[in-house]
Amino acid sequence: MAIPTNKEELQTAIKTNYSKLKKELSKIPEESTTIPNLHGHVKDTLMSINNLVSYLIGWGELVLKWNTKKELNETVDFPETGYKWNELGKLAQKFYKDYEKDDFNILCAKLNNTVQKILSLIEEKSNTELYETAWYEKWTLGRMIQFNTASPYNNARGRIRKWKKENNIL
């Protein structure tokens, strides 16, 4: 799928990629979701399916937090307070920890809720707000949303499909 360039394309990309990811997630046996046998977000580390879903929730929640702070004219610490852009592996591990007590079904429900909130946020915005105005440095809000939703959903789906094949999970 091409990189979205307007509100409608962004909505379609998120809905399409999330729908495909959700389908893959629905076919994973819950007992397999806590085993750290996927390549992690930090070099030479492993993560579980639950960690991967936690990562997606974490980034989605950050997008929502950034937007809320911007709307309140508050300073936004990009990507997150205490983290720099060159520390995204550490941030990923923070997300794993944030949701480590949640089981797979709860994580999937939280991810679904986050996706719905993001889609609502997009719906509230005009195409001008999403794609015709710089929002963070040179990036538009639409592009920042896409970087942290549609693209990672597609990446996660690919990781899961590879993992399923390696682990003989149909």
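The structure is a predicted model, in which local features need pLDDT of at least 70, side-chain atom pairs count only at pLDDT 80 or more, and totals for chains, interfaces and linings use all residues. Residues are numbered from 1 along each chain as its sequence is written, and side-chain values use heavy atoms, with hydrogens and water left out.

**Helix 4**
- Helix 4 covers residues 104–124, and its end C-alpha atoms are 30 Å apart, which agrees with the 30 Å that its 21 residues should span at 1.5 Å a residue.
- Its buried residues (under 20% relative accessible area, 1.4 Å probe, protein chains only) include Phe104, Leu111, Val115 and Ile122.
- Seen down the axis, the buried residues of helix 4 fall within an arc of 155°, so they line one face of the helix.
- On the other side, Glu123 and Glu124 are exposed, a term for over 50% relative accessible area.
- The buried residues of helix 4 pack against helices 1, 2, 5, 6 and 7.

**Helix 2 and helix 7**
- Helix 2 and helix 7 pack at an angle of about 175°, and their axes are 11 Å apart.
- The two helices are therefore roughly antiparallel to each other, the term for angles over 145 degrees.
- Ile49, Leu52 and Leu56 of helix 2 make the contact with residues of helix 7, among them Tyr153, Ile160 and Trp163; contact means heavy atoms within 4.5 Å.

**Ser32**
- Ser32 is found in the loop between helix 1 and strand 1.
- Ser32 counts as buried because its relative accessibility is 12%.
- Not counting residues up to four places away in sequence, Ser32 touches Trp163 and Ile169.

Terms used:
Helix = DSSP H or I, 4+ residues; strand = E, 2+ residues; numbered from the N terminus. Expected span 1.5 Å × (residues − 1). Arc of directions from axis to C-beta. Axes fitted to C-alpha atoms, helices over the stretch in contact; angles between N-to-C directions. Parallel < 35°, antiparallel > 145°, perpendicular 65-115°, else oblique.
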